[in-house]
Amino acid sequence: MDSLVLYHSAFSPSALKVRFVLEERGLAWEGRLLDLMAKQNLQPEYLAINPRGLVPTLVVGGRAVIESAVICEFLEDYVDAEVGAPSLRPSDPFACARMRVWMKVADEDLHWATGPIPFATLGRLQWLGLSEAQREELLAATPDRARAAAQRSLFERGLEAPEIDVALATWARTLSELEAALTEHEWLAGAAISLADFSVAAHVYMLDYMQLNWAFEAHPRLRRWYERVKQRPAFARSLDPYLPAPVLDFIAAQAAAVGPGLSERLAAASLAAQPRG
Ligand SMILES: N[C@@H](CCC(=O)N[C@@H](CS)C(=O)NCC(=O)O)C(=O)O
């Protein structure tokens, strides 16, 4: 099998999803870490392999595969069945369809609900250390203009930015959906863990480190599911190497200051949540 090289970053849920899968399958891979707040993802060398300037990218024997969900399914197709741990894609077509729905929820909904919260808190602190000219340069270089506009809003308004209310409303609705799905199966797609669980867990991890504790208190099946995911050896192997103790301590201190308020806002958003229609 060709070498697997993952361009990633410590906190990106999209990158974390792929690290979970590489580790759960027991595949050998090399990492190239990029600093997203410094926009290393927009350097010409990286844009040459991923013109969208986003992480992750998996380079397989010199050929790039982009988009985290596509990378996860690519690995299922590319890796010989006998290599590594069992497949994370169910063979039953209905379970596979459920898996893909959760992967879409992770990419299309949770992706936009996860990023704003750490950006408005931890990322904002990092950007406060830059000059206005440096910040403008980073924003001007961001190819996706909607993403740049959201980053500007989150930098200027922090947790009061409208993107945070949208994020909390999305989380409120999705937490109910997850709790309901977990009444039917132990894992999101069925009786066995699948790409669905890792795709969603990569986002639920943000609720954990930002201390939005209400999410776990009010959704006991989700809490037990997340505990089961955390017990997989792949979970620690995907996170520990990238999170030195001083970084974790810093995040815990910031999260302790904002987590309770965000939890209250999430509980209120849940009362107002409309089912998906
Ligand atoms: N749909 C893409 C999303 C990738 C994405 O948005 N990555 C974020 C980190 S989670 C990123 O690279 N952001 C860079 C930036 O905002 O400049 C995937 O799943 O791979």
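In which sense do strands E1 and E2 pair, and over how many bridges? In this predicted model, E1 and E2 (residues 30-33) run parallel and are joined over four bridges.

View 1. Let's begin with the pairing just described. Within it, His8 stands opposite Leu33 of E2. Strand E1 covers residues 4-8, and four of its five residues are buried, so the rest of the structure largely encloses this strand.

**View 2. Strand E1 and its partner E3.** Now meet the other pairing shown here. Strand E3 (residues 57-60) runs antiparallel to E1, and four bridges join the two.

View 3. Arg147 has a side-chain N or O atom 2.9 Å from a ligand oxygen, and for the side chain of His111 the corresponding distance is 3.0 Å. On its own the ligand has 520 Å² of accessible area, and the protein covers 89% of that.

**View 4. The shell around the ligand.** Step back to take in the 14 residues that surround the ligand; the closest are Asn41, Val55, Glu67, Ser68 and Arg147. Helix H1 (13-24) and helix H7 (145-157) are the elements that give two or more residues to this shell. Sorted by class, the shell has five nonpolar, six polar and three charged residues. Domain 1 (4-78) and domain 2 (93-272) each supply at least three residues to the shell.

Technical notes
Residues numbered from 1 in each chain as written. Predicted model: local features only at pLDDT ≥ 70, side-chain atom pairs only at ≥ 80, totals over all residues. Heavy atoms only, no water. Near = heavy atom within 4 Å. Polar contact = N/O pair within 3.5 Å; in protein donor to acceptor, adjacent residues only side chain to side chain. Areas by Shrake-Rupley, 256 points an atom, 1.4 Å probe, with all protein chains shown as cover. Nonpolar A, V, L, I, M, F, W, Y, C, P; charged D, E, K, R; others polar. Domains from an automatic or database assignment. Buried < 20%, exposed > 50% of the residue type's maximum accessible area, 1.4 Å probe, protein only. Pairing = 2+ DSSP bridges.
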